[in-house]
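Load the model in your viewer and keep the selection panel open. The stops below run from the whole chain down to single side chains.

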Amino acid sequence: MEGSYVEYKGVAENPEKAMNDINAELKNIINEKIQAENKVYSYAEAVGEKIIPEDFKVSYVRVIGFDKCSCPCGGTHVNNSGEFESIVVSKVQKKGKNVR
């Protein structure tokens with residue numbers, strides 16, 4: 001059974017290295033206790049900023065960010081990155097034209 005996942009367009013030439021790099025950066029972000037920034041985009045803004053694809057039909061998109069990284073909200077609300085005990089990417093795989 002797969003857990004939560006995030007899917008991105010692009011290529012991971014070396015999935016094992018990508019996974020290790022992502023996990024190292026996640027650990028740094030958690031340790032730095034970076035203040036969370038939230039922004040809500042309308043559908044048009046989110047498509048224009050390339051946050052979501054055009055065929056993803058929603059009224060709005062809430063984006064959570066920590067300094068230099070952000071992504072659409074997955075439902076976990078925190079004030080700073082230190083509130084996460086840990087986040088671990090356990091697999092990076094190619095799924096069609098995307099990386100999951």
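With everything selected, consider contacts, meaning heavy atoms within 4.5 Å. Of the contacts in the protein with a separation of 6 or more, 56% join residues 24 or more positions apart. This is a predicted model, in which local features need pLDDT of at least 70 and side-chain atom pairs count only at pLDDT 80 or more, while totals for chains, interfaces and linings use all residues. Residues are numbered from 1 along each chain as its sequence is written, and side-chain values use heavy atoms, with hydrogens and water left out.

Next, colour by secondary structure. Two helices and six strands are present, in the order β-α-β-α-β-β-β-β along the sequence. Helices (H or I, at least four residues) and strands (E, at least two) are DSSP runs, numbered from the N terminus.

The protein has a mean of 84, and 86% of its residues reach 70 or more. Where pLDDT is low, the predicted coordinates should not be read in detail.

Now select Ser-81, in the loop between strand S4 (69-72) and strand S5 (94-95). Is Ser-81 buried or exposed? Ser-81 counts as buried because its relative accessibility is 0%; the classes are buried under 20% relative accessible area, exposed over 50%, and partly exposed in between (1.4 Å probe, protein chains only). A polar atom of the Ser-81 side chain lies 3.4 Å from the backbone nitrogen of Lys-33. Leaving out residues up to four places away in sequence, Ser-81 touches Ile-29, Ile-30, Glu-32, Lys-33, Ile-34 and Phe-66.

Ring pairs of Phe, Tyr and Trp (its six-membered ring) need centres within 6.5 Å; planes under 30 degrees apart are stacked, over 60 edge-to-face, and the rest tilted. The count by this rule is one aromatic pair. Phe-66 and Phe-84 form it edge-to-face, 6.1 Å centre to centre with 75° between the planes. Phe-66 lies in strand S3 (residues 60-66) and Phe-84 in the loop between S4 and S5, so the pair ties together parts 18 residues apart in sequence. Phe-66 is buried at 10% relative accessibility, as is Phe-84 at 19%.

A disulfide requires cysteine sulfur atoms within 2.5 Å, and the structure holds zero disulfides. Cys-71 is partly exposed at 28% relative accessibility, and Cys-73 is partly exposed at 25%.

How values were computed:
Polar contact = N/O pair within 3.5 Å; in protein donor to acceptor, adjacent residues only side chain to side chain. pLDDT = per-residue confidence, 0-100.
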